[in-house]
Amino acid sequence: AVVSTQSTGIQENGALKRENELLIVKCAKVEECEKQIGALKEKFQSYVAASEGRQKLEVELREQLRREVEGVRREAGSTVDGLQREVAALKLLLREKEELVSVLMEERSNKRSDTLQYDFITANTVSL
């Protein structure tokens, strides 16, 4: 009975040792997993921070672009307005020049007519 008890005790002791060794291995695996989880959490937090930074930068860039586009639109609008005023002034100037040319052409035509009449009168007078 003593041998049997010793034998059973040795067997139980051996089983406990194996179980203890398995637990040690499992604990080492759990510790390694916890380290990996910690590293993954840090990595995730850095990704989140980077993503938030990118989103913030994206918002800032969109706002800057919007302001620049508005400035260009205002500038283009004032340029167009200025050009339209210049075109209107040039059209007015052109109309005035055309009227002046018309008056000059009429005066020239009248002078030519006067000259022709003078020449005709002179020619008739000389022949008399």
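## One helical turn in H1

Being three residues apart in helix H1, Arg 66 and Glu 63 are separated by about one helical turn. Their side chains meet in a salt bridge, with N to O at 2.2 Å; the term stands for a side-chain nitrogen of Lys or Arg within 4 Å of a carboxyl oxygen of Asp or Glu. At 38% relative accessibility, Arg 66 is partly exposed, and Glu 63 is partly exposed too, at 30%. Here buried means under 20% relative accessible area, exposed means over 50%, and partly exposed lies in between (1.4 Å probe, protein chains only).

## About the model

A quick word on what you are looking at: this is a predicted model, in which local features need pLDDT of at least 70 and side-chain atom pairs count only at pLDDT 80 or more, while totals for chains, interfaces and linings use all residues. Residues are numbered from 1 along each chain as its sequence is written, and side-chain values use heavy atoms, with hydrogens and water left out.

## The chain as a whole

Helices (H or I, at least four residues) and strands (E, at least two) are DSSP runs, numbered from the N terminus. Helix H1 covers residues 2–127, and the protein chain has 128 residues.

Of those 128 residues, 1% count as buried. The accessible surface of the protein chain comes to about 12000 Å², and carbon and sulfur atoms account for 60% of that. These areas come from the Shrake-Rupley method with a 1.4 Å probe; for residues, only the protein chains shown count as cover.

## Salt bridges along the helix

The structure holds four salt bridges. Arg 67 and Glu 63 are four residues apart in helix H1, so about one helical turn separates them. Arg 67 is partly exposed, at 45% relative accessibility. With Glu 70 included, a network of salt bridges links Glu 63, Arg 66, Arg 67 and Glu 70.

Now to Arg 62 and Glu 58, whose side chains meet in a salt bridge of 2.8 Å, N to O. Because they are four residues apart in helix H1, about one helical turn lies between them. Arg 62 counts as exposed, at 54% relative accessibility, whereas Glu 58 is partly exposed, at 39%.

## The cysteines

How many disulfides does the structure hold? The count is zero, a disulfide being a pair of cysteine sulfur atoms within 2.5 Å. Cys 27 is partly exposed, with a relative accessible area of 45%, and Cys 33 is partly exposed, with 41%.
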